[in-house]
Amino acid sequence: MAHLDAIGDAVPGTETRTTTCYMCACRCGIRVHLRDGVPRHIDGNPDHPVNRGVICGKGASGLMTQLSPAKLRKPLRRVGPRGENAFEEISWEEALGIAAGWLGAIRDSDPKRLAFFTGRDQSQALTGWWAQAFGTPNYAAHGGFCSVNMAAAGLYTLGGSFWEFGEADFEHAKLFVMFGVAEDHASNPLKLGISRLKARGAKFVSVNPVRTGYSAVADEWLGIRPGTDGLLLGAVAHELLRTGRIDREFLASYSNAACLVIDDPGAADHGLLARDGEGRPLSVAAGGAVGPADGAADPLLLDAAATLPDGRRAATAFRLLAARFGAADWAPAAVAERCGLSAATIRRFAAELAAAAFDDPPVLEVPWTDLQGRRHERMEGRGVSFHAMRGISAHANGFHTCRMLHVVQLLLGAVDRPGSFRYCPPFPKAVPPPVLPGGKAGEVAPGQPLAGGPPLGFPRGPQDLLVDGAGEPLRIDGAFSWEAPLAAHGAMQMVIRNAWAGRPYPIDTLMLFMANMSWNSAMNTTETMRMLTDRDPATGDYRIPHIIYADAFASEMVAYADLVLPDTTYLERHDCISLLDRPISDADGAADAIRQPVLAPDRDVRPFQSVLLDLGARLGLPGMTDADGGPRYPGGYADFIVNHQRSPGIGLLAGWRGADGGEAGRGAPNPEQLDRYAGNGCFWRHELAPGERYFRFANRDYLAWARQMGFVDRVAPIVLQLYCEPLQRFRLAAGGHGPVQPPERLRDRIATAFDPLPIWYPPAGQDEDDAAGRGFHALTQRPMAMYHAWGSHNAWQRQIHGHNPLYLNRAVGQAMGLRDGDWVEVSGRLGQLTVPVRLMDGVQPDTVWTWNAVGKRRGTWGLDPDAAEGRTGFLLNHLIPDSLAAAEGSAAMALPNADPVTGQAAWYDLRVSLRPLPADRVPAVSAPQFPPLPPLPGQPARPARQGFRLGYRRDGGRGGA
């Protein structure tokens with residue numbers, strides 16, 4: 001395919017190859033246009049289901065990421081003190097020998113002494129499997145410090161979640177409401193969807209403390225005070241209940257709202273669902289009889305109470321919820337001041353949600369059949385769609401806030417129906433998914449894979465926790481312990497502190513991939529860097545003996561590694577966007593994708609996924625060697641993508657399976673599979689039949705297909721959980737019931753946080769912040785033009801966001817005597833920052849914020865040490881405590897600064913005060929500053945300017961670079 005110039009003429013000597021973008025997590029299809037093997041232009045693939053040809057600024061700028069001087073060039077071994085960028089170049093054979101030596105000694109003695117954590121990679125179907133084969137429970141990806149509250153709340157309530165795993169019905173919604181969504185998440189699909197929605201005249205409401213990005217094009221902006229979204233949603237539930245604007249039939253048919261909850265205070269089963277002898281939940285049938293709940297409960301009996309066969313009292317889950325949110329302390333007038341919204345606005349908002357749901361709802365004349373065999377001639381919808389993300393998730397009350405949003409959806413009947421939130425395959429799944437975390441006592445053994453399950457899973461009660469006999473954690477990050485029982489994505493933000501402290505045990509090796517854990521992904525940054533370089537005074541050895549770091553670029557974390565394994569860029573390797581991981585499905589179809597190399601590396605680098613498989617073969621890990629002891633996947637990751645099977649017929653890719661490529665979903669490996677993907681624009685997609693696209697929690701035809709694909713284990717109803725029974729099991733343990741007990745110091749915390757109905761509470765330390773005058777909530781958000789640090793070394797993206805002032809409300813700033821460009825001292829519990837400010841109208845008055853990941857440590861990322869990112873750029877991370885002990889300045893047990901249910905890092909609970917600096921004290925650089933790092937060996941000279949001129953002359957010659 002020849003590249004076309006701006007006038008439309010074919011340019012001789014050009015080639016176009018398709019692949020999948022990796023400039024954010026959106027995974028759009030792109031076309032890379034090359035001339036003489038050099039990429040000259042990137043645009044969107046018009047045939048791709050994710051972006052349909054749309055390209056954003058991030059995707060188009062991939063050209064400059066490929067040309068970045070920050071690219072690592074060869075394996076490195078530390079030769080000086082940690083943190084000083086003192087390395088020597090070594091060969092791959094030497095690097096792999098060192099890594100295999102460290103890892104082999106660990107596996108032969110105690111596999112849990114390896115902590116393996118990855119950042120925003122998209123190959124967790126490999127990395128998690130590798131960790132399980134190695135035998136360590138200490139594995140997780142970045143979700144624990146990103147949005148595990150959103151994922152866990154969805155999976156424990158709806159069997160699915162927002163993010164990449166669900167989407168709004170932009171074609172039929174009358175009202176679209178977005179809570180706390182960063183500007184880069186689902187970037188192109190959201191832009192396309194919002195455009196279609198607004199073109200139809202539907203309303204878009206954004207609930208967010210900051211009005212930028214998507215919020216800037218919303219029809220209404222509700223500038224809420226950070227961390228109070230749960231209060232707003234509870235008041236909405238109050239109004240829906242008060243006015244009777246709820247979908248009783250939906251609740252009775254598809255949720256556990258009609259199930260009876262045992263009312264027997266002090267008993268070991270108090271608050272659990274009443275069940276018959278076969279374990280089936282009970283409900284009240286017509287006439288008042290108690291019997292098994294079968295999905296056909298009488299909507300008029302949703303708020304029933306009953307006497308159980310054993311004589312005890314019970315009430316429906318809905319009755320309990322109605323009693324809670326019907327109370328006066330959830331009325332709009334009772335929460336308005338704390339939310340920063342008026343009571344009238346909250347009442348109007350609730351009324352508009354109800355009107356969109358119930359007044360003239362969308363109806364599709366499409367028949368479908370439910371699991372009771374009942375044929376429905378049409379699909380009646382609910383015209384209100386929600387989408388939410390990290391803004392409501394990254395708080396210590398985030399799990400219950402996310403649960404609260406899902407409960408509002410259930411009350412409106414707005415789940416997987418025309419006009420509402422829709423699942424994307426492979427969801428919905430059973431609630432919660434039937435995967436338990438491995439790593440209990442006795443499940444970790446020398447030379448053996450991890451028994452009991454993969455490192456990550458979904459506990460259903462205390463019996464599934466990874467704790468010792470005293471109730472203390474068995475994982476280095478504290479995940480799946482009483483500190484974070486539902487830590488479905490792990491708790492990556494606690495790895496360095498706990499490894500440094502040797503809690504619950506010392507580790508030998510910390511292996512990180514794409515995780516900038518000394519800077520952009522660190523809380524309490526200064527202390528984190530100290531812990532990474534701290535030595536045991538008794539031995540002189542580093543408290544974390546070995547650190548292996550793999551990345552494509554010279555980030556801040558490289559300086560703290562002992563061994564650096566340089567990765568390829570996304571244009572130089574095969575990758576797999578799998579249905580086993582984070583696929584590119586949409587609500588109307590299942591889809592997955594690959595990346596293919598569009599050019600060869602110009603450095604001595606290797607794809608980290610292939611390196612992992614190489615190390616696995618050297619270590620003799622199960623599944624990674626053949627019968628003769630050689631590598632099972634000698635072709636590296638591409639070989640693994642095609643030939644690995646997670647279960648018979650189920651591999652990483654669903655398309656073109658079977659010997660001849662004629663099967664989908666299940667089938668034997670096809671040696672031509674990657675070629676078939678490449679020939680189809682690097683993606684595969686299966687379109688669902690119209691009758692399979694909604695009501696998928698109870699849709700017979702959809703669930704039969706999902707079973708065939710391996711998404712679910714059986715064709716059975718997926719019951720939506722208004723009442724989250726697993727939480728009550730933990731609360732009962734806090735009351736002294738059951739053999740697995742929490743430590744005494746955590747009983748009250750568990751009893752409060754593990755309420756089976758949504759609650760709201762202020763984050764820890766709020767009273768202290770109020771008393772100290774820290775009256776501003778301080779937030780970071782990702783800019784639309786960048787994705788974390790991935791973009792902030794990119795020459796084109798730097799022209800958009802080359803520095804990051806602290807933004808505050810214009811009226812508030814003017815009252816403090818501030819103007820654009822003035823400097824302030826920002827004080828938090830951990831210290832101070834000195835930063836420039838900028839005033840704006842679209843920010844909640846009690847909130848200040850800045851762009852994330854723009855601020856850089858000087859001397860990193862291939863940037864000139866005097867670049868603006870290092871001189872005036874800054875991170876709020878320096879002020880965010882990683883643990884409550886750090887926040888309190890005490891030697892108390894280092895509980896994470898996180899949600900107590902999931903361990904989600906509470907990035908957005910930071911409170912600060914501001915003090916304007918007088919004109920004669922304006923600094924030249926932001927504070928804190930750290931010593932600039934010297935260049936790595938073999939790195940090119942750091943350019944003062946970096947540029948690239950695109951274009952072709954009319955005679956076919958190439959423009960300059």
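Colleague: How do helix H7 and helix H11 cross?

Modeller: The axes of helix H7 (residues 229-243) and helix H11 (residues 343-358) come within 9 Å and cross at roughly 65 degrees. This is a predicted model, where local features need pLDDT of at least 70, side-chain atom pairs count only at pLDDT 80 or more, and totals for chains, interfaces and linings use all residues. Residues are numbered from 1 along each chain as its sequence is written, and side-chain values use heavy atoms, with hydrogens and water left out.

Colleague: What counts as an axis, and as a helix?

Modeller: Axes are lines fitted to C-alpha atoms, for helices over the stretch in contact, and angles run from 0 to 180 degrees between N-to-C directions. Helices (H or I, at least four residues) and strands (E, at least two) are DSSP runs, numbered from the N terminus.

Colleague: Is that crossing left-handed or right-handed?

Modeller: H7 passes H11 in a right-handed crossing. That term applies if the near helix is turned clockwise from the far one by less than a right angle; anticlockwise is left-handed.

Colleague: Which residues make the contact?

Modeller: From H7, Leu232, Ala235, Val236, Glu239 and Leu240. From H11, Ile346, Arg347, Phe349, Ala350, Leu353 and Ala354. Contact means heavy atoms within 4.5 Å.

Colleague: Switching topic. How many helices and strands does the protein have?

Modeller: There are 26 helices and 36 strands. The radius of gyration is 27 Å, close to the 30 Å that the globule rule gives for 961 residues, so the protein is as compact as a globular protein of that length. That radius is taken over C-alpha atoms, and the rule is 2.2 Å times the number of residues to the power 0.38.

Colleague: What box do the C-alpha atoms fill?

Modeller: Roughly 80 × 75 × 65 Å, taken along the principal axes.

Colleague: And what share of the residues is buried?

Modeller: Buried residues make up 64% of the 961. Buried means under 20% relative accessible area, exposed over 50%, and partly exposed in between (1.4 Å probe, protein chains only).

Colleague: How many residues of helix H5 are buried?

Modeller: Eight of the eight residues of H5 (residues 148-155) are buried, so that helix is largely enclosed by the rest of the structure. Among them are Val148, Asn149 and Met150.

Colleague: What covers them?

Modeller: The cover includes strand E21 (384-388), helix H12 (390-393) and helix H13 (398-412).

Colleague: What about glutamate 337, buried or exposed?

Modeller: Glutamate 337 is exposed, with a relative accessible area of 71%. Its place is in helix H10 (residues 332-339). Glutamate 337 and arginine 225 are 112 residues apart in sequence, yet 9.5 Å apart in space, C-alpha to C-alpha.

Colleague: Now the backbone. Where are the cis peptide bonds you know of?

Modeller: One runs from proline 425 to proline 426, with omega near 20 degrees. Another joins valine 431 and proline 432, with omega about -15 degrees. Proline 426 is in the loop between strand E22 (421-423) and helix H14 (495-501), and proline 432 is found in the loop between E22 and H14 too.

Colleague: Why point those out?

Modeller: Because most peptide bonds are trans, and most residues other than glycine have a negative phi.

Colleague: Which residues have a positive phi, then?

Modeller: Methionine 514 has phi near 55 degrees, and tryptophan 656 has phi near 50 degrees. Methionine 514 is in the loop between strand E23 (509-513) and helix H15 (525-533). Tryptophan 656 is in the loop between strand E29 (650-651) and helix H18 (673-679).

Colleague: Is methionine 514 buried or exposed?

Modeller: Methionine 514 is buried, with a relative accessible area of 14%. Tryptophan 656 is buried, at 15%.
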